[in-house]
Amino acid sequence: MLACPHKDIVVKLKMAKMEWKNQILPILPPRLQHIFAALSGQAAEELEEIRLRSGKALMIHSHRGESFVGLSGVTGSFSQAVIVTAAELQAVLLAVVEYSLYARDEELRRGYLALPGGHRAGFVGRVVSEESRVKLLRDISGISIRIARAVKGAGEALLPQLYCSRLQRVYHTLLVSAPQAGKTTMLRDLARLFSDGDPAKGRPGLKVGIVDERSELAGCYLGVPQLDVGMRSDVLDGCPKAEGMMMLVRSMSPQLLVTDELGRAEDARAVEEAVNTGASILATVHGHCLADLMKRPSIAYLLQQTLFERIIFLSRRRGPGTVEEIYGGETVKNRLKAEASGHVF
Amino acid sequence: MCFKWAGAVLIVMATALWGNQQAVQMQRRVKQLEEFRLAMRLLMAEIGYTVTPLPRALEHVQNRLGDERVKQFFVEIVRQLGRPEVGDASLAWLRASEVSRGQLSLRADDWPLIMRAAAGLGGLGRESQLKQLEAVEIQLASHTASVAASCSRSERMWRYLGVLGGAALVIILL
């Protein structure tokens, strides 16, 4: 494991407190709009997720846990919570798709829609499938609105570990964590920091190419990033990762390629190809530990190839973005070898 | 005598003007039906090619239309979409039809076709939405063609009728 001076330091997540209201309130039906417009204090500042379920209590989540929401705000009692109606869910869906299901049916098929401001709405309901593929999602019964927060400075503590001043390049890096542990926030901030650069500290700005398949990283709306991803960043919004990486390499000659949530075999192939073009890779993947990653063939392949020079494990042990461990690629390889030969590492 | 002749001329002029007005109204009806057809085609392009959401697609459509009143119809839909109590595009289209009814030169038998475009608007997948609008456009095309054919016959008739009606009235009064 590499020296990790900040191992016990929680990356300071200075929450962009109430910005979400400007983007989320317009998509809510009048009753919910009033409730959330009046939401204030800690509940509003730390809001991470709004859960709407048909015929069920309105709930919100933050890193402190879940709470019920009543007409007068957060309530500890289930009986005082507002009950969300099916009509309200339908109204949210129509507002999110701007009254045009045809414009977002591809995304909806995958179960989520990007919202202005980089937020995201996930949907569940009745799935209509055709030839074993999801054709459409109808009778929406639940919506989860995840609040995106650009936390400027979240990645600063990691910079010395990720940037090679001698070669003036970023190490190929993989950020690993379970969902909601802050890896996308960290990735976005690292993209911004590398894109803007800091010449005074010997770190020039880099051309950063971002493949934002799920519109979460840059939070593009009408193709324009809503979140700060740096002055030299080019964003391919809504583009499949593997295809997007190659498109960026061919068209924008990035020095750093950034993408979220690797997983498929074609993603691994694209990463391998992109590395061979000379671009650095900064990516994330879901997982709790190395063993989790090894269960996924495409990620396991990349790790065995020692393609990633830095592997960073995040958790929300002390708040989202807690850096647990930073490994060098060789360390991972040695560890994998040791595990394979039965030695406890 | 002089007054009689002046009155007769005024009567003939008034009825000729009325006849002409009817003819112009018919021409305007055909023109507006054609504008609606054009709007359908533009909307299909916005949906099929650029996959633009309705509020912006409708704005793009109205920017490319020539007839001010048809343009206003599309402005009205976008305005209705912005009202929280409307809540879906079909209703916004139907409300705009009600608001614009008096301002357009269309007749009662034209409106069911225009309103047919509201069915499922914004609530269908891309292919279904395109098929739906295409069906409306085809119906609108055949309706416009039959209205245009009857218009070219009736147009001349109204103009003659205006002048001849005025002349007949003058003869009766004299």
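Predicted model: local features only at pLDDT ≥ 70, side-chain atom pairs only at ≥ 80, totals over all residues.

User: Which domains does the assignment give for chain A, and how many Å separate their centres?

Analyst: The domain assignment divides chain A into domain 1 (19-146) and domain 2 (156-340), and their centres, taken over C-alpha atoms, are 29 Å apart. To the contact between them, domain 1 of chain A brings 13 residues and domain 2 of chain A brings 11 residues.

User: How is the size of such an interface expressed?

Analyst: Interface size is often given as the accessible area lost when the parts come together. Between domain 1 of chain A and domain 2 of chain A, the buried area is about 1,100 Å², with carbon and sulfur atoms giving 44% of it.

User: How many salt bridges are there between domain 1 of chain A and domain 2 of chain A?

Analyst: The count is 2 salt bridges between these domains. On the side of domain 1 of chain A that touches domain 2 of chain A, the residues by class are 3 nonpolar, 4 polar and 6 charged.

User: Turning to chain B, is Thr144(B) buried or exposed?

Analyst: Thr144(B), which lies in helix H6 (residues 126-173) of chain B, counts as buried because its relative accessible area is 2%, and the cut-off for buried is under 20%. Its side chain reaches the backbone oxygen of Leu140(B) at 2.5 Å, while, leaving aside residues up to four places away in sequence, Thr144(B) touches Val30(B), Leu33(B), Glu34(B) and Arg37(B).

Technical notes: Residues numbered from 1 in each chain as written. Chains lettered and ligands numbered in written order. Heavy atoms only, no water. Helix = DSSP H or I, 4+ residues; strand = E, 2+ residues; numbered from the N terminus. Buried < 20%, exposed > 50% of the residue type's maximum accessible area, 1.4 Å probe, protein only. Polar contact = N/O pair within 3.5 Å; in protein donor to acceptor, adjacent residues only side chain to side chain. Contact = heavy atoms within 4.5 Å. Domains from an automatic or database assignment. Buried area = accessible area lost by both parts, 1.4 Å probe. Salt bridge = Lys/Arg side-chain N within 4 Å of Asp/Glu carboxyl O. Nonpolar A, V, L, I, M, F, W, Y, C, P; charged D, E, K, R; others polar.
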